[in-house]
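Could you walk me through this structure in the viewer? I would like to know what to select at each stop and what I will find there.

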Amino acid sequence: MKPVIALVGRPNVGKSTLFNRMTKSRDAIVADFSGLTRDRHYGDGRLGNREFIVVDTGGFEPDSTTGIVKEMARQTRQAVAEADVVVFVVDVRNGLSGQDHDIARFLRQANKRVLLTVNKAEGMQESPLLAEFYELGMGEPHPISAAHGQGIRSLLEAALEDF
Ligand code: GDP
Ligand code: MG
């Protein structure tokens, strides 16, 4: 069985961009506004000779009667339940939000391995801006730039180290 890596995080942090980077596909919809990815989305990835599956989340039907927040929570729960490793994506350019704290609280109860991943950190491998993310209580932040392809290999190595 290939390990399953779920990408979770609030809208617009760059999950779909990271999905494309990890799967080298253009399949996920990347939007300049939140929430365009329609539902969970699966892709195949490879690191050397190791194969894995990536799950993108964060879509919702714009006219959903359940409401956007509930729908995102539902998708995140389902993706986390079927994942071996969770990549929790936050955004260094916007900093931490209440939604990030809510997701962190949920992930702590989920009992899965979580890699806290700080996206949009191009050129910031050593930045003091990364320190604020320790506040989430999810361990060491992994800085990446999904858009520029920085830090992806070391993130994947960390994600796959048990497999
Ligand atoms: P999602 O809602 O979490 O799936 O986020 P998207 O992948 O759709 O990206 C949201 C926005 O962030 C888009 O405008 C992306 O181009 C931008 N973005 C994604 N990754 C990066 C990055 O590494 N650096 C910067 N500066 N912008 C990024
Ligand atoms: Mg998306």
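Start by selecting A83 together with the residues that A83 touches beyond four places away in sequence: V4, I5, A6, V55 and K112. Keep in mind as you look around that this is a predicted model. Next, show the C-alpha atoms of A83 and K112: they are separated by 8.0 Å, although the two residues are 29 apart along the chain. Now colour the elements on either side of A83, and you will see that A83 lies in the loop between α2 (68-81) and β4. Is A83 buried or exposed? A83 counts as buried because 23 C-beta neighbours fall inside 10 Å, and the cut-off for that label is 20 or more.

From here, move on to the sheet. Select its 6 strands and follow them in the order β2-β3-β1-β4-β5-β6; the sheet is open, with mixed pairing. At its edges are β2 (41-47) and β6 (142-143), each of which pairs on one side only.

Zoom in on β2 and β3 (residues 50-56), which pair in the antiparallel sense over 7 bridges. Within this pair, pick Y42 and look across to V55 in β3, which stands opposite.

Select helix α3 (residues 98-110), which lies across β1 (4-8), β4 (85-91) and β5 (113-119) and runs at about 165° to β4. Then select helix α4 (residues 152-159): this helix lies across β1, β2, β4, β5 and β6, running at about 170° to β5.

Definitions and conventions: Residues are numbered from 1 along each chain as its sequence is written. Chains are lettered from A and ligands numbered from 1 in the order in which they are written. This is a predicted model: local features need pLDDT of at least 70, side-chain atom pairs count only at pLDDT 80 or more; totals for chains, interfaces and linings use all residues. Two strands pair if DSSP finds at least two bridges between them. Helices (H or I, at least four residues) and strands (E, at least two) are DSSP runs, numbered from the N terminus. Two residues are in contact if their C-beta atoms, placed from the backbone, lie within 7 Å. Axes are lines fitted to C-alpha atoms, for helices over the stretch in contact, and angles run from 0 to 180 degrees between N-to-C directions. A residue is buried if 20 or more other C-beta atoms lie within 10 Å of its own, exposed if 12 or fewer, and partly exposed in between; C-beta atoms are placed from the backbone.
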